[in-house]
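I opened the notebook today to go through this chain piece by piece.

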Amino acid sequence: MSLSTNSETALVIDLCRVRLTSAAVRRITAIVREPLDWDEVFWLASAWEMMPVVCLNLTRLPESAIPIEIRERCVQQSSEVRALNVALMFRTASLVGALRHRGIESMVLKGPTLGVLAYGDVSLRLSSDIDILLHCRDVSDAEAYLLSLGYSPCFEPGSEASLLRNGHALEFTGPSAKVEIHTQLLSRHLRMDFDSRELWEASRMIDLGGVPVRVPSVHHLFLFLCAHGAKHRWSRMRWICDIAQLCTLLSEAEVEAVVRLTRKMHSNRILGLALGIVREIFGADKIPQSLQRAVSFPELLVKEV
């Protein structure tokens with residue numbers, strides 16, 4: 001991934017931060033005083049899948065900072081996306097609750113739970129799928145339940161065992177969002193095998209729409225996001241923003257846990273690449289200094305998207 005450096009891009013980069021630093025506020029205030037192509041600003045916010053955060057930060061500026069029509073456009077363009085995010089949260093919570101009622105414990109990956117954990121607001125993080133991690137013993141029952149709801153498998157009959165053995169998800173489309181069932185965090189070809197027992201033992205519960213939902217520990221989630229982005233060659237800006245947002249929330253204990261897990265899994269290059277991209281785009285202030293000292297950063301050249 002590479003980025004150009006015009007005013008519109010620089011503005012959206014700063015606006016992608018949920019928690020704005022004083023330096024970012026000064027830069028934003030200076031840029032919005034310049035003549036801007038607002039269509040490009042909104043196009044970038046949409047293309048990067050960061051419209052809710054960008055619009056929220058624009059509406060937080062003093063009324064005199066941006067034209068009233070831009071403020072109204074922010075409200076209009078972000079409200080529908082935020083409503084869809086909230087709707088997916090309730091669908092996810094409903095599915096988790098229904099599976100638990102049937103004796104199936106699940107762990108939610110990314111999606112609405114990442115909105116809560118990294119952005120502090122489920123409506124600010126764009127999500128479209130429901131990704132759940134299950135114990136192998138529960139896959140058949142979960143699949144049967146989804147089929148009973150009207151979901152259809154997106155894989156050939158009889159291929160479930162082969163897909164799961166190689167770390168792939170079972171994908172289902174149906175009456176609401178697409179659902180993906182995982183038994184491993186990553187496909188085997190990445191050669192990053194998270195210890196399943198450790199993953200479940202370290203997981204924790206959060207509230208999602210009034211339903212207790214299990215999510216990975218912060219250090220497992222953080223390294224998983226880094227590996228997931230690398231797997232897909234960082235083709236979506238939202239994945240970089242996710243890591244940047246989560247970075248600012250890491251406690252020293254969580255940084256140490258990330259470093260320990262990275263060393264245990266021999267994944268320093270994946271972590272270094274992810275943090276190097278975050279540093280190139282958002283600046284070093286997004287990354288805890290203790291984490292920067294523990295990571296070897298690769299050489300990166302970022303020019304244009």
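In which hand does α10 pass α11 in their crossing? I looked it up, and the crossing of α10 with α11 is left-handed; that label means the near helix is turned anticlockwise from the far one by less than a right angle, and right-handed means clockwise.

Before going on, I note that this is a predicted model, where local features need pLDDT of at least 70, side-chain atom pairs count only at pLDDT 80 or more, and totals for chains, interfaces and linings use all residues. Residues are numbered from 1 along each chain as its sequence is written, and side-chain values use heavy atoms, with hydrogens and water left out.

**Entry 1: α10 and α11**

I stayed with this pair for the angle, which is about 160°, with the axes 10 Å apart. The axes are lines fitted to C-alpha atoms, for helices over the stretch in contact, and angles run from 0 to 180 degrees between N-to-C directions. α10 and α11 are therefore roughly antiparallel to each other; the cut-offs are under 35 degrees for roughly parallel, over 145 for roughly antiparallel, 65 to 115 for roughly perpendicular, and oblique for the rest. Helices here are DSSP runs of H or I with at least four residues, strands are runs of E with at least two, and both are numbered from the N terminus.

Next I listed the contact (heavy atoms within 4.5 Å). L221, F222, L225, C226, H228 and G229 in α10 meet W239, I243, L246 and C247 in α11. Nonpolar covers Ala, Val, Leu, Ile, Met, Phe, Trp, Tyr, Cys and Pro, charged covers Asp, Glu, Lys and Arg, and polar takes the others, Gly among them.

**Entry 2: two other helix pairs**

I turned to helix α4 (residues 51-59) and helix α5 (residues 68-101), which pack at about 140° with their axes 9 Å apart. α4 and α5 are therefore oblique to each other, and their crossing is left-handed. From α4, I noted M51, P52, C55, L56, L58 and T59 meeting R71, C74, V75, Q77, S78, V81, R82 and N85 of α5. The residues in the contact of α4 with α5 are eight nonpolar, four polar and two charged.

Then I checked helix α1 (residues 7-15) against helix α2 (residues 22-32): the axes come within 10 Å and cross at roughly 145°. α1 passes α2 in a left-handed crossing. On the α1 side I found S7, A10, L11, D14 and L15, and on the α2 side A24, R27, I28, I31 and V32. That contact of α1 with α2 holds seven nonpolar, one polar and two charged residues.

**Entry 3: the strands around β2**

I asked which strands pair with β2 (pairing needs at least two DSSP bridges). Strand β1 (residues 106-109) pairs with β2 in the antiparallel sense over four bridges, while strand β5 (residues 178-182) runs parallel to β2 and is joined by five bridges. For landmarks, I marked L109 opposite D131 in β2, V108 with its bridge partner I132 in β2, and L133 opposite H182 in β5.

Is β2 covered or open? Strand β2 (residues 129-134) is mostly covered, with five of its six residues buried; buried means under 20% relative accessible area, exposed over 50%, and partly exposed in between, with a 1.4 Å probe and protein chains only. β1 has both faces covered: S106 and V108 on one side, M107 and L109 on the other, all buried.

**Entry 4: W200**

I found W200 in helix α9 (residues 196-202). At 12% relative accessibility, W200 counts as buried. Leaving out residues up to four places away in sequence, W200 touches E105, S106, M107, L133, L134, H135 and R214. Its C-alpha atom is 8.3 Å from that of M107, 93 residues away along the chain.

**Entry 5: α6 and some positive phi values**

Eight of the nine residues of helix α6 (residues 111-119) are buried, so α6 is largely enclosed by the rest of the structure. Just after α6, I noted G120 with a positive phi of about 75°.

Most residues other than glycine have a negative phi. R233 is exposed, with a relative accessible area of 74%. H266 also has a positive phi, of about 55°, although it is not a glycine. I placed H266 in the loop between α12 (252-264) and α13 (268-282), and at a relative accessible area of 73% H266 is exposed.
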